[in-house]
Every structure is written in C-alpha cells, then in structure tokens.
Amino acid sequence: MTALPRSLTARVTALFVLIVVLAAAGLGAYLYRVLVDEIVRRDDSQLRGKLRQVQTVLSRPGAAELLRTQPDFFRDTMSGQENSLVRIVAADGAVLADINASGEHYPLPAPAAIAGHAGAPLGGAIIDWRSSRGEAGRVVAGAARLGQAEVTVVVARLYGERSAMLAQYRQRIAGAAAVSALVAALCAAGMLHRGLRPLRRMARHAARLRPGTLAQPLEVAGAPSELQPLIDALNAMQARLHEGYERLSGFSADLAHEFRTPVTNLLGQSQVMLAQPRSIADYEQLIASNIEEFERLARMIESILFLARAGQDDGLLARQPLPALDTLQKVADFYEGLAGERGVQIVCTGEGVVLADPNLLLRALANLVSNALRYAEPGSSVVLQALAQPGSTVISVTNQGPPIAPEHLPHLFERFYRADAARSHGDGSTGLGLAIVSAIMALHRGMTSVRSDSSGTCFTLTFNASASEHLSGA
C-alpha cells in the first residue's frame with residue numbers, strides 16, 4: 001500500500017478525489033442496478049405477454065391448421081417480439097412446432113416451473129440461459145390447450161441488444177466517474193490553494209521575523225475561524241519574544257553601564273596614581289579603593305549568575321516547612337549590628353509556617369532588610385511581620401523613611417533599576433537586590449508587592465502553600 005503524499009494539498013486532494021470517485025461510482029452502480037431491474041422487469045412482462053398471446057391463439061378454433069400451415073404466425077403475434085423463439089410440445093413430448101431459425105439450444109423449464117393447467121393464461125417461472133455466442137436469454141413456459149389436447153408452450157428470447165446497451169451504459173458510468181474525479185481534483189486543488197492562503201501568509205510573516213520586527217503582530221483579518229486560535233497563539237508567542245528581547249537588550253545595556261563605572265574608576269585611579277611617584281600610603285589607599293570596587297564587581301557577578309540560573313528552572317529549590325517567626329528573627333539578629341549603627345530598631349512579630357528553600361528565603365529577606373535599613377530614618381523601627389492566612393503565608397518588611405514616588409513602584413523589581421539616581425554607587429548597591437527577591441519568589445510560585453506612602457514603605461512576600469500541614473505531618 002502506497003503512503004499518502006506528504007503535501008497537505010496533495011493529500012487532501014487525493015482523499016477528496018477518492019471520496020468523489022466512490023460517491024460517483026456508488027451512485028452510478030445504484031442507477032445501473034435500478035435500470036437493469038426495470039429493463040428486465042419490462043422484458044419479462046413482454047415475454048409473459050408473448051406466452052399469453054400464443055396460449056390465446058392456440059385455444060381458438062382452427063389453431064391446429066394454423067399451426068400446421070403458418071407456424072411463424074405464433075412468432076409474429078406480438079409487435080416487438082418478432083425475434084422470439086417459440087416451441088410447442090405435445091403431452092407425449094412430440095414437438096408440434098419449433099420456431100427457431102438460428103438453431104439455438106435453450107432449456108425446457110421443469111414441469112414444476114410450468115404454471116397453470118391446460119388453457120391457463122398465466123406463464124410459469126422465467127429462467128436464464130445463454131446462447132452459443134454467449135448472449136443472455138430468458139425462457140418461460142406455460143400450459144395451453146390445442147383442440148382437445150394439452151400442450152406446453154415454451155417462449156424464449158435473446159437479449160443481445162440489451163447486453164450491448166448495458167455495456168455502453170457501464171462505460172458511460174466509468175467515464176462519468178473519471179470526469180468527476182478530474183473535475184474534483186481541479187476544484188479541490190483550487191479551493192485548497194485558496195483556503196491555505198492564510199497559512200502561506202503566516203509563513204511569509206514568520207520568515208520576515210527579525211529582532212526589529214517582533215513588535216509587528218500577524219494580521220488576523222480575513223483568516224478563517226479555524227486558524228484564529230493558532231494566529232492568537234503565534235501573536236502571543238511573538239509578544240513574549242519581543243518582551244524578552246527588549247528586556248534582554250535593556251539588561252545588556254544596563255549591565256554594560258554598571259560594569260563600565262567600576263572599571264572606569266579602577267582605570268582612572270590607577271592611571272593617576274602611576275602618573276608620578278607616590279608614597280606607600282598612597283599606594284595602600286589605591287589598593288584598598290580598588291578592592292572595594294572589585295568586591296562590588298564580585299557581588300554584581302554573583303547576583304547576575306544567580307538570576308541567570310533562577311530564570312531557567314526551579315531546580316535550585318530544596319523546600320521545607322520553616323517557622324516564619326524564627327526565620328525573621330535570624331535575619332534580625334544578623335543585621336542587629338548594622339541597625340545599631342544607623343540608630344534603627346528591628347522588630348519581629350507574627351506567626352505562620354512557610355514552605356520554602358531556607359537559604360533562598362534568608363537571601364530574599366536579607367535583601368529586603370538591607371534595603372529597609374538603608375532608607376530608614378534614624379530612631380525609627382524596621383518591622384518584620386509574618387501573617388498566616390488561609391492557603392498562604394504573608395511576610396512583610398516595613399520601614400519608615402522617605403516615600404517612593406508612585407511612578408517608580410512598578411519598576412522597583414527590575415534589574416539595575418534605582419528610584420534615586422543620586423544614590424547610584426555611594427551605598428555600594430548593585431541595583432539587583434530587589435530583582436533577586438522577585439526571582440526567588442518566582443521560583444516559589446509566590447508574589448511580591450510594594451506599598452509606599454507617608455507612613456512608610458512596605459515590601460510584601462506571599463507564599464502560596466499549606467505549609468502548616470507539612471510541618472504537622474513531619
């Protein structure tokens with residue numbers, strides 16, 4: 001069995017042509033069968049009519065003399081049946097008349113197939129036979145009375161012209177099926193070529209896609225409804241690619257800018273120091289300054305590597321149920337010294353259990369607390385609070401300080417974004433702390449949010465998990 005062609009147009013066309021051919025052939029076969037049955041019924045009716053006429057003539061007075069002197073009269077008694085074969089057989093088997101100019105040998109129906117009785121006008125069952133030339137024929141017999149004697153009348157006829165007509169009709173059916181297949185193939189190919197136009201337009205659009213053309217969506221006007229979901233999915237995918245490319249381009253530009261500043265500082269300080277002889281103290285000061293820049297670069301590289309790994313999958317996670325208040329207290333103890341230097345107090349409150357990776361949770365909280373201490377007003381408090389809710393645990397870090405402008409809030413978790421450009425590098429920040437927090441929450445399938453007003457700034461982490469059940473089960 002040969003496989004269907006790989007081309008969708010050729011495949012559908014072949015299937016469509018096959019369906020049309022089968023339908024045309026089935027319809028032609030049905031009509032042919034109906035025509036054959038009708039012609040056979042008509043011919044059989046005429047054959048029985050011929051038998052009845054012969055029976056009627058034999059029953060008349062003088063039929064015996066007519067049979068002896070003009071036997072062909074019995075063949076010509078019915079118009080259209082002049083080529084019939086007529087045989088009249090006596091009760092003892094003697095053939096009284098045999099009108100058979102071509103000498104055909106046709107069977108005599110069995111007695112059971114001969115209907116009626118002497119003088120009965122009805123014929124018996126009709127049987128098939130074939131001539132010596134292979135032509136189809138039909139034979140019927142019936143009883144009749146010739147004077148006082150009972151005879152059997154056998155009427156036969158060949159239907160060569162009918163066979164020729166049916167053969168010609170079969171050829172016309174085959175020709176009509178072939179023409180229908182050809183017309184169907186042309187129509188199917190044309191309709192498919194037109195119907196697949198949206199797919200070719202989509203292919204051309206995909207071939208033109210470049211980084212600069214990702215913002216141009218695929219046109220959906222005029223496309224069939226069956227392709228609408230595919231077009232919508234492709235446009236959504238293209239929009240995601242465009243967003244990712246824009247973010248990657250922006251990240252690359254920000255990364256180049258962030259690396260350029262410390263490298264420029266290192267290069268400029270070193271060139272100035274080497275321009276003329278310096279004291280050992282000057283060189284020590286240069287080395288100490290360079291070490292600070294190198295440390296900042298190292299922190300930035302480490303953060304970028306973490307974000308790159310976090311963006312791939314959640315294979316970094318080692319989740320376990322953690323008491324939220326204990327985790328907050330660990331972070332507060334770690335930053336107690338820095339808080340004392342800034343004159344800020346760290347307060348931990350609340351309850352609940354968090355299902356999270358302990359190291360990543362500590363890192364996210366450390367970034368938030370470090371950020372809160374950096375902007376908290378002296379003499380204020382940084383509040384770390386855990387709140388257990390149905391199906392989730394919410395951790396918030398709140399500090400009292402200058403409010404963040406509303407236009408900056410949606411961008412705080414973006415990489416290298418700083419709401420206060422004046423504080424670019426003076427505090428040692430890399431601009432990646434909040435982006436790392438967002439990446440950690442994304443790994444945990446959680447949410448981050450921020451609120452800032454005159455009462456303070458609050459960063460919120462929402463962990464969606466029934467961690468308390470894990471803890472109780474452990």
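Two strands count as paired if DSSP finds at least two bridges between them, and strands (E, at least two residues) and helices (H or I, at least four residues) are DSSP runs numbered from the N terminus. The model is predicted, so local features need pLDDT of at least 70 and side-chain atom pairs count only at pLDDT 80 or more, while totals for chains, interfaces and linings use all residues. Residues are numbered from 1 along each chain as its sequence is written, and side-chain values use heavy atoms, with hydrogens and water left out.

**Exercise 1.** Find the partners of β9 and say in which sense each pairs, parallel or antiparallel.

*Solution.* Start with β10 (residues 392-399): 7 bridges join this strand to β9, and the two run antiparallel. They form a hairpin with 2 residues between them, and G391 in the turn has a positive phi of about 80°. Next, take β7 (residues 345-350), which pairs with β9 (residues 381-389) in the parallel sense over 6 bridges. Finally, look at A386 of β9: G350 stands opposite this residue, and in β10 its bridge partner is I395.

**Exercise 2.** Work out the strand order of the open sheet of 5 strands, then explain which strands stand at its edges.

*Solution.* Reading across, the order is β2-β1-β5-β4-β3, with antiparallel pairing. β2 (95-99) and β3 (127-130) each have a single partner strand, so one side of each is left without a neighbour in the sheet.

**Exercise 3.** Which residues of α8 are buried, and why do they line one face?

*Solution.* Call a residue buried under 20% relative accessible area, exposed over 50%, and partly exposed in between (1.4 Å probe, protein chains only). In α8 (residues 324-334), the buried residues are A324, T327, L328, V331 and A332. Seen down the helix axis, they fall within an arc of 140°, so they line one face of α8; the arc is that of the directions from the axis to the C-beta atoms. Now turn to the face away from the buried side, which carries the exposed residues K330 and F334.

**Exercise 4.** Describe how α10 and α11 pack, giving the angle and the distance between their axes.

*Solution.* Then α10 (residues 358-375) and α11 (residues 433-443) pack at about 145°, with axes 9 Å apart. Contact means heavy atoms within 4.5 Å, and the residues making it include L360 and L368 of α10 and I436 and V437 of α11.

Key: Axes are lines fitted to C-alpha atoms, for helices over the stretch in contact, and angles run from 0 to 180 degrees between N-to-C directions.
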